[in-house]
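The following exercises concern the structure shown below.

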Amino acid sequence: MSDVVEKTLTALPGLLSLDSQSTKLSSTSKLGNLIRGITELTSKHEEEKLIQRELTSIKEQVSSPNTSMRQMKELMVRAIYCEMLGYEASFSYIHAIKLAQQGTALEKRVGYLAVSLFLNESHELLLLLVNTVLKDLQSTNLIEVCMALTVVSQMFPKDMIPAILPLVEEKLNHPKEIIRRKAVLALYKFYLIAPNQVQHIHNKFRKALCDKDPGVMTASLHIYLQMIQENPEGYKDLTTSFVTILKQVVGGKLPMDFNYHSVPAPWLQIQLLRILLFCSTIFLCRDVAALCIHCVSLFFYCIQPLSSFPAILYESAKCIGNFVLSLKINLKYLGLKALTYVVQQHPKLALQHQMTIIECLDHPDLIIKRETLELLFRITNAQNVSVIVEKMLEFLPFLKIMLCCCIIYTLFIVLILFSYEEYTYAPDNEWFIETMSTVFSVGGDMMQPDIPNSFLKLLSEGFDSVEEDRKLRLFAVDSYVSLLQGEPGKLPQRFLQVISWVLGEYSYLREELEAATVLRLLAKLLDMKSTSSETKSWVLMAMTKLCEGGAGVSVTQEVCETYGSSLDTVLRQRAQELQHLSQDCELRARVLPRGAGLEPLEVDSSLSFLDGFVSEALAAGAAPYKAPHQRQEELAQAKALSLEPYGLSLPISMSSCSIADRQSPTLLSVSSGLSGDSPDLSHKGGSTTLKLDGVKRVWGREGYLSEREPVEESAHVEVPSPLQSPSQQGEADSSQSQTLTPIPTPQPEQEKQQLASSLFVGLGSQSSVCLMGKSESTTQRFRRKAKGTVSSSGASEQISNSLASTPSTANHLLCNNLLDSNITSDLAVSSLEQTSQLSQGPAAANGICDVELTGSDMSETSPTLIRDNGVVAADPAPHEDPDKLKDLCLRTHLPAEFSGLCHSEITPLCTNQTLDFSACHLQKEDSLALVAFIYNCILMFCSFQVSCVCDSPVQEARSHSVAVCQYSLTVKRPSVHVEVVGTASYQFPAGTPHSAQFSYKLPLTSFIRPLTVSTEEYGAMWLDFSHDTKQKLTLISDGQEPLTDTLNVLKKKLQLHVVEIIGMEGIVACRLLRDQPCLMHCRLHAGTLSVWLRSPVPDLPDCLMYHCQRALQEH
Amino acid sequence: MIKAILIFNNHGKPRLSKFYEHYSEDTEQQIIRETFHLVSKRDENVCNFLEGGMLIGGSDYRLIYRHYATLYFVFCVDSSESELGILDLIQVFVETLDKCFENVCELDLIFHVDKVHNILAEMVMGGMVLETNMNEIITQVDSQNKMEKSEVLTG
């Protein structure tokens, strides 16, 4: 090694032609020495010592006044090297800035480089750089300008942007393309950091978009994508420009350099399409996308909405097929990824590639394997669930190296199991319990805590049939007892907790199992070293439930003695409980009634029963309770000078006591008091992220619970109908075609085909059938647990199927399709975050904000109101109705409770030949209601489902009727505009499922409500809030009292509450829904209004400031 | 957007690290180590894409890497960048280095960290891809070198 270094060192002078001979030798030898030293070292410790020595010597030289700039530059390179190795050289930061300030071009460049590597946006030293940047931006030397622009886009303090903004703006007109390009990117960076500041230069961006240099145009697309995402309406006029650009790109008008494998600038094409999807109609996009179909198919995930067009879909399915089959592994990966997106809506497409998918499952590359599993996950249905889960479980142990994938995957599996909750999806009880056991023991402690909780909830709540529940629990008990008799030491803690809860709760079901035996098994767990104290408390809890006289006494007694004096207070508490309850049978029966899992626990979260105690203590002179943040705030205030505007002007009478009174009892953390009771908490289940409660039960014991279409009135009745499950159809079909396709295949190939047939069963298409060749016997192998009931019912169903008349087959198909649609919609929920990010591009920060939809209720209005439309319906083009008429019609469908409220205009969200989907919003006192209208334009029944964040139940809409869904919206994280994104999936009887994406945009102001507070309360709140922003706004000065006028405008437009106006100052309060307050303090200052916003919610002040600015500008 | 660009050798020694998002000094080192662990385990004949490590943001981010002789070039990007595009960018980067250094090797990267950074700055600016055309990049780098050289001569 050192040989090589030596050789290179001697060769170096030839490479470095810039420096003069003398300096070169000294400088290279110093860096060279350092590097040589490092390469010769053997241990980390020695390296540390060497670098420390190096840093000390750099420090000395750097601070010496005699060091020339050139030497400084060389020192900086060495400091950069040390920093890269992870050793801090903070002493050199200031010198890096100095070098950038004073050096000539070459040195300056190193200085800037060092600054951008050492510092970050919020570093205070960065302020020192502002002047240098200003100077360099004005320089006539192009290189200096370039360097300044680069450093500005890497990091710049937010507050100082106004100082350099005009200079950067100027650069948009610079004759050199490279400067224009960099200036555009720098402005994009500014836009990301502080959108308000860059608002006024939108026109100049347009110029950049039309720039003759394609590089500048490309750079400006970043900005446009971002801005259009936030406000699609504002840029409609640019649509044609984007289309023209795209056409030019596709037409090969760009220089050849932009080609990638002879496709002209594919990334640019995608970027343009993405923009178009936001700002123009989907039909235009479809036509444009047809131009660049090759790119589209490869990057399907960027522009998913387009996948609903059959023409594009099939064209691109072909391309995707080529990629999937490609021998180049990178292309295969991308093909699989694209396929994963497509099968969400069109599961049948997977059928064409089943053999490839099977091969990918055994691929040596874990990433390919993972992607394949994800693909399989998307096509899971009743028939293949067991095979797919089996495959996933096989894969799980490999994932320990990739922890995060593992967690996700475990969740996926569990989602599959739970989302088809009635576990009719799972072949039977034993399979379900055993799979869960495997998931627990493999996924172990890496899985989210709510998975075991949901599992226990499922067990305790049970399903429709009491007998089945009993069997399930019984089987769980049996299997867990045998696990404990084996080697419980190997099981993860979470699983042990689940086991002990189940045994405690249900082991009485197994009569021949003596409580003492279970107690002994549990006691064994307590003795193991590896058992955590949390698990121990679960075990003790279980023992408490089990200790019932007889033989168990000795065991419990022993345990109580051991843990009665434990240092862990929770354990001691549990041990005490165990001791007392084991002696007092009567009390035990009252405290822990058997089989009472279903009764809700009442938890007094306000701890009101302690009120007496608290008031007594207060009377006795105890200090009132203060929440931790309040205590901290006070501490901080005691230390620092009060600079708050209300520190002085407020009456001091507002004592801290009054605040405390308001807050104390309710703010006490309930969870901490109950942490030991976690087994019980699982009953509440309210906080589980899986949110099973909202999911509609569509699966019953007998299969899919179809809804009877609403007859006359708007009542739906759920009737478990004896419909055949689609599997039988598939099997029936296969048995028919069996004789036709006897394909002799070699052995390994055959195995794969068997696997394929069991994986792709139920996707319902002829092509699957021929692969299923010798179905019956072979599928049994993979579904060995599926015996008894299923197969026998299958046989009977086959008969009934063959006898069935046409209407029943129609039902059949409907059922089949619904099944598919359910899968996809579930996916839409589970992967919503993911997909939205994928499609949103770089702008997640300002993009779609999390909107929580709570509660949905649906109503179907009877079609009589639309009857007079019947004439129009006969018309071949009913969707060309004048909008106004439609609006009027829809308005009559507003739910009665909203009749008094004013609603926004009804805006169409997406329209196609079959469905017309529009929505409006209404402001209610404490929520925002979103009302969606679905108008069925076709003379057929259609069932549909809308999924945003939560699913609405499947609904059916008659022809030419309007169905109304309503949601209540709240904002989780404020942003300037709030966008609701969702999918409406629908299908007709005997038709394929379709889905339409929609998004509905709301300004933040719709969520703002006035907040009525007194000045005193305002003062108290002001101090508590930590997020703030300040800005100067223009004043409305046409009247006598500019302040009052301005505040009135804001009050009117943004629904703010003006608390008080005192002289030159005014205070205003409002709240975001869900009681998130925001306070505003305004002061007249030199003809402008300085506004200071404060709120406990991050981003809220910034967003509100934006709207205030807009409101005043529009005035 | 590109979140980070890392170059390290087969032993995990960092040769260049550039983060376009702020992380603490310690986290940066951990990210380098974690990335090395993820990337170095992979065979030669597998695909060049990976999910990001826990530290840099988990599965929302992807690592796109190429392995050249003794060096790994790793780009960490979010979902808005296309995998193939970045893979191509890495190729352009390496070819540019090869042009600028004439048969680039690991030692060039060690001794001329600043130059490598300068070339990179012409390709990626603040996390956004600025230029993908090698000739353009080389023209820029050359013109800067020329100007500096003249400055050195006159100054």
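Rings of Phe, Tyr and Trp (its six-membered ring) pair if their centres lie within 6.5 Å; planes under 30 degrees apart count as stacked, over 60 as edge-to-face and the rest as tilted. The model is predicted, so local features need pLDDT of at least 70 and side-chain atom pairs count only at pLDDT 80 or more, whereas totals for chains, interfaces and linings use all residues. Residues are numbered from 1 along each chain as its sequence is written, chains are lettered from A in the order in which they are written, and side-chain values use heavy atoms, without hydrogens and water.

**Exercise 1. Aromatic rings**

Determine which residues ring pairs link into a cluster in chain B, and classify the pair A:Tyr224 and A:Tyr235.

Solution. 

Step 1. The cluster consists of B:Phe8, B:Phe36, B:Tyr65 and B:Tyr72, linked by ring pairs. Over all chains, the rule gives 13 aromatic pairs.

Step 2. The ring centres of A:Tyr224 and A:Tyr235 are 6.1 Å apart and their planes stand at 80°, so this pair is edge-to-face.

Step 3. A:Tyr224 belongs to helix H13 (residues 214–230) of chain A, while A:Tyr235 lies in the loop between H13 and helix H14 (239–250) of chain A. Helices are DSSP runs (H or I, at least four residues), and strands are runs of E (at least two), numbered from the N terminus.

Step 4. Buried means under 20% relative accessible area, exposed over 50%, and partly exposed in between (1.4 Å probe, protein chains only). A:Tyr224 is buried at 0%, and A:Tyr235 is buried at 8%.

Step 5. In chain B, the rings of B:Phe19 and B:Tyr23 have centres 5.7 Å apart and planes at 70°, so they too are edge-to-face. Both residues are buried.

**Exercise 2. The sheet of chain B**

State in what order the five strands form the open sheet of chain B, and identify the edge strands.

Solution. 

Step 1. Two strands pair if DSSP finds at least two bridges between them. The order is E2-E1-E5-E4-E3, with antiparallel pairing.

Step 2. Strand E2 (14–19) and strand E3 (49–51) of chain B each pair on one side only, which makes them the edge strands.

Step 3. Three bridges join E3(B) to strand E4 (residues 62–68) of chain B. B:Glu51 stands opposite B:Arg62 in E4(B).
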